[in-house]
Amino acid sequence: MVPAAFAHQHHLIPIARYHNILTVAMENPGDLLAIDDLKAITGFRIQPAVALSTEISNALATYYPEAANENEAKSAQTIRELIRIVEE
């Protein structure tokens, strides 16, 4: 649902989905650029929730392991390109 590269880059993790609302744990729930980008990527309305950096890091290590980032490097570029297209 949320690409690993995006989750690591913005230090966030999805924690729940209800209908068209995706709740995302974030260190900085005021990061409107990340929220807007995530909405464009997922198509869901984003409900940010504050979480400790250590909790997010632990969740990222569990659900989005670093090894996956090597394969996701191309995805990060694709995501940036998609966001650029959507914003045009």
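Let me start with a term: a residue is buried when its relative accessible area is under 20%, exposed when it is over 50%, and partly exposed in between, using a 1.4 Å probe and protein chains only. Helices (H or I, at least four residues) and strands (E, at least two) are DSSP runs, numbered from the N terminus.

Now, hello everyone, and on to the model. It is a predicted one, so local features need pLDDT of at least 70 and side-chain atom pairs count only at pLDDT 80 or more, while totals for chains, interfaces and linings use all residues. Residues are numbered from 1 along each chain as its sequence is written, and side-chain values use heavy atoms, with hydrogens and water left out.

First, the layout. The protein has four helices and three strands, and from the N terminus they run α-β-β-α-β-α-α. Of its 88 residues, 34% count as buried.

Let's look at helix H2, residues 32–42. Which of its residues are buried? They are Ala34, Ile35, Asp37, Leu38 and Thr42. Seen down the axis of H2, these buried residues fall within an arc of 165° (taken from the directions from the helix axis to the C-beta atoms), so they line one face of the helix. In general, an α-helix has 3.6 residues a turn, so residues three or four places apart point the same way. On the other side of H2, Leu32 and Leu33 are exposed. After H2 comes Gly43, with a positive phi near 80°.

Leu38 takes us inside. A nonpolar core is a set of buried Ala, Val, Leu, Ile, Met, Phe, Trp, Tyr and Cys residues joined through side-chain atoms within 4.5 Å. The largest one here has 22 residues, and Leu38 is among those with the most contacts inside it, along with Val2, Leu12, Val24 and Tyr64. Two or more residues each come from H1, E1, E2, H2, helix H3 (53–63) and helix H4 (66–87). E2 gives the largest share, four residues.

What does Val24 touch? Leaving out residues up to four places away in sequence, its contacts (heavy atoms within 4.5 Å) include Leu12, Ile13, Leu38 and Ile46.

Finally, two histidines to find on your screens. His11 sits in the loop between helix H1 (4–10) and strand E1 (12–18), and has a positive phi of about 50° although it is not a glycine. His19, in the loop between E1 and strand E2 (21–26), also has a positive phi, near 55°. Are they buried or exposed? His11 is buried, at 17% relative accessible area, whereas His19 is exposed, at 59%.
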